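Please look over the sequence and the structure before reading on.

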Amino acid sequence: MDIKTKYGWQELYATALLETDWLKIEEKIQVAENGIRARLHEFSMNHGGTPEENQAIDDALNGLNGLRKDVAAWQGSKQAG
């Protein structure tokens with residue numbers, strides 16, 4: 001699947017979202033968060049990015065948090081079963 005990305009970190013985000021192996025998702029989330037943090041660090045060096053990219057980063061971080069909750073729920077149900 002080819003996803004069009006505008007910002008470099010979005011490819012890492014898309015990889016995390018599209019991962020279907022529950023055992024690999026947490027690692028992909030971590031990689032995506034690291035990519036976003038690196039971009040935010042670049043912002044601190046050059047007075048921030050565009051409002052559009054800042055909103056995209058907020059949306060991505062919220063998406064990753066939701067995905068992380070899904071993984072935790074899956075792991076909890078797996079341990080209970």
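## Basis

The model is predicted, with local features needing pLDDT of at least 70 and side-chain atom pairs counting only at pLDDT 80 or more, while totals for chains, interfaces and linings use all residues. Residues are numbered from 1 along each chain as its sequence is written, and side-chain values use heavy atoms, with hydrogens and water left out.

## Helices α1 and α3

Helix α1 (residues 8-18) packs on helix α3 (residues 51-80) at an angle of about 25°, the axes lying 11 Å apart; axes are lines fitted to C-alpha atoms over the stretch in contact, and angles run from 0 to 180 degrees between N-to-C directions. That makes the two helices roughly parallel, a term for angles under 35 degrees, just as over 145 counts as roughly antiparallel.

The contact (heavy atoms within 4.5 Å) involves, among others, Trp9 and Tyr13 of α1 and Glu53 and Leu67 of α3.

## Helices α2 and α3

Helix α2 (residues 22-45) packs with α3 at an angle of about 155°, with axes 10 Å apart, and the pair is therefore roughly antiparallel.

## Glu53

Glu53, a residue of helix α3, is buried, with a relative accessible area of 3%, where buried means under 20% with a 1.4 Å probe and protein chains only. Leaving aside neighbours within four places in sequence, Glu53 is in contact with Tyr7, Trp9, Arg39 and Phe43.

How values were computed: Helix = DSSP H or I, 4+ residues; strand = E, 2+ residues; numbered from the N terminus. Parallel < 35°, antiparallel > 145°, perpendicular 65-115°, else oblique. Buried < 20%, exposed > 50% of the residue type's maximum accessible area, 1.4 Å probe, protein only.
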